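Student: I have a structure open beside its sequence and would like to talk it through with you. Could we go from the ligand outward?

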Amino acid sequence: TSPLVVAIDGPSGSGKSSTSRGVAARLDLAYLDTGAMYRAMTWALLQHGVDLTDSDAVAVAAEKISLESGTDPAAPTIHADGVDVAEPIRSDEVTGSVSLVAAVPRVREILVDMQRATIAGSHGIVVEGRDIGSTVAPDAPVKIYLVADPAARAARRAAENGGGDAAATEQALARRDEIDSTRATSPLAKPEGAVVVDSTHMTLDEVIDAIVGIVDAAG
Ligand code: C5P
């Protein structure tokens, strides 16, 4: 039998990471942050000096980059070419260019293959991203589309970043969502069959409880 897959998709700053880790910990499942993989790929390409606006060059260079994702929800890890990149993948430079890299179809093929291999090798897993319920694991028995009002998302993200400028953060999130939702290959959208959870007026624990309830009901 195939492992239980909980697919959690949604726009930037909707609380996907904290929520997905919490759900995985509660249900004793593994956890995969696919956004971290796109970020790690972007970090490595920048490291190699690849022109990210040249999608052919990005596609060729991406073939040679090795990624490794640790799937313990209590301590997720991400390595690119053997380097621990957990910190640098959160830099403004990577955040500002990741959507460009994620729009390259060959990059998506490479990362989707890795993601499917991780899912197949797991005992059950919560996978978060933008295209999990639609493309990576369309047969997942539980699909969540996690949303929140733009102002709430920006406020949370600004708080995570040590209380930066909420208006600027909201603009940056909106720009990333715009690129992610309008790209040709598996754009961000609510997957077929997904349950929409709006976290705007919910605490993290309430969101985790709601999703665990959805998983139990599907069980
Ligand atoms: O989730 P996070 O904000 O870390 O994702 C970073 C970027 O990676 C997204 O803005 C999007 O461009 C890309 N991404 C994607 N597909 C996924 C996960 C992330 O295109 N499944």
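Tutor: Happy to; what follows is a set of questions and answers on this predicted model.

Student: Let's begin with the ligand. How many residues surround the ligand, and which are the closest?

Tutor: The shell around the ligand counts 15 residues. The closest are R39, R108, D131, D180 and R183.

Student: How far is an oxygen atom of the ligand from an N or O atom in the side chain of R39?

Tutor: Let's go through the polar contacts in turn, where the cut-off for a pair of N or O atoms is 3.5 Å. A nitrogen atom of the ligand sits 3.0 Å from an N or O atom in the T34 side chain. For R39, an oxygen atom of the ligand and an N or O atom of the side chain are separated by 2.6 Å.

Student: What percentage of the ligand's area does the protein bury?

Tutor: Start from the ligand taken alone, which exposes 460 Å². Of that area, the protein buries 97%.

Student: Which element gives the largest share of the shell around the ligand?

Tutor: The elements that give two or more residues to the shell are α2 (34-47), α4 (92-102) and α8 (166-182). The largest share is 4 residues, and this share comes from α2.

Student: And how many residues of that shell are charged?

Tutor: Sort the shell by residue class: 3 are nonpolar and 4 are polar. The charged residues number 8.

Student: Let's stay with D131. Is D131 buried or exposed, and what is its salt-bridge partner?

Tutor: D131 has 1% relative accessibility, so D131 counts as buried. R108 is buried too, with a relative accessible area of 4%. In the salt bridge that D131 forms, the closest N and O atoms are 2.9 Å apart, and the partner is R108.

Student: Why does this pair tie together separate parts, and how many residues apart are they in sequence?

Tutor: D131 lies in the loop between β6 (125-129) and α6 (132-136), while R108 belongs to helix α5. Because the two residues sit in these separate places, the pair ties together parts whose separation in sequence is 23 residues.

Student: Now for the wider picture. How many salt bridges does the structure hold, and which residues are linked with E63 in a network?

Tutor: The structure holds 8 salt bridges. One of them joins E63 to R106, with the closest N and O atoms 2.6 Å apart. The pair links distant parts of the chain, 43 residues apart: E63 is in the loop between α3 (55-62) and β3 (67-70), and R106 is in helix α5 (residues 105-120). The network of salt bridges links E63 with R106 and E109.

Student: Why does E63 count as partly exposed, and what about R106?

Tutor: Buried means under 20% relative accessible area and exposed means over 50%, with partly exposed in between. E63 has 43% relative accessibility, so E63 counts as partly exposed. R106 has a relative accessible area of 31%, so R106 is likewise partly exposed.

Student: Which residue forms a salt bridge with R153, and where does that partner lie?

Tutor: R153 is found in helix α7, and its relative accessible area of 8% makes R153 buried. A polar atom of the R153 side chain lies 3.0 Å from the backbone oxygen of A148. In the salt bridge of R153, the closest N and O atoms are 2.8 Å apart, and the partner is D177. The pair links distant parts of the chain, 24 residues apart, with D177 in helix α8.

Student: How far apart in space are A40 and V83?

Tutor: A40 lies in helix α2, and with 0% relative accessibility A40 counts as buried. In sequence, A40 and V83 are 43 residues apart. From C-alpha to C-alpha in space, A40 and V83 are 9.8 Å apart.

Student: Last, the records. Where does G13 lie, and what feature does UniProt place there?

Tutor: G13 is in the loop between β1 (5-9) and α1 (16-27), and its relative accessible area of 9% makes G13 buried. The unreviewed UniProt entry lists G13 among several positions, including G10 and K16, under the feature "binding site".

Student: And which domain does UniProt annotate over residues 6-215?

Tutor: Over residues 6-215 the chain is 50% helix and 16% strand, with the end C-alpha atoms 8 Å apart. The annotation in the unreviewed UniProt entry for these residues reads "domain: Cytidylate kinase".

Note on methods. Residues are numbered from 1 along each chain as its sequence is written. This is a predicted model: local features need pLDDT of at least 70, side-chain atom pairs count only at pLDDT 80 or more; totals for chains, interfaces and linings use all residues. Side-chain values use heavy atoms; hydrogens and water are left out. A residue is near a molecule or strand if one of its heavy atoms lies within 4 Å of it. A polar contact is a pair of N or O atoms within 3.5 Å; within protein, one must be able to donate a hydrogen and the other to accept it, and residues adjacent in sequence count only if both atoms are side-chain atoms. Accessible areas come from the Shrake-Rupley method with a 1.4 Å probe; for residues, only the protein chains shown count as cover. Ala, Val, Leu, Ile, Met, Phe, Trp, Tyr, Cys and Pro count as nonpolar, Asp, Glu, Lys and Arg as charged, and the others, Gly among them, as polar. A salt bridge is a side-chain nitrogen of Lys or Arg within 4 Å of a carboxyl oxygen of Asp or Glu. Buried means under 20% relative accessible area, exposed over 50%, partly exposed in between (1.4 Å probe, protein chains only). UniProt positions are given in the numbering used here, feature names are shortened, and annotations may be inferred rather than shown by experiment.
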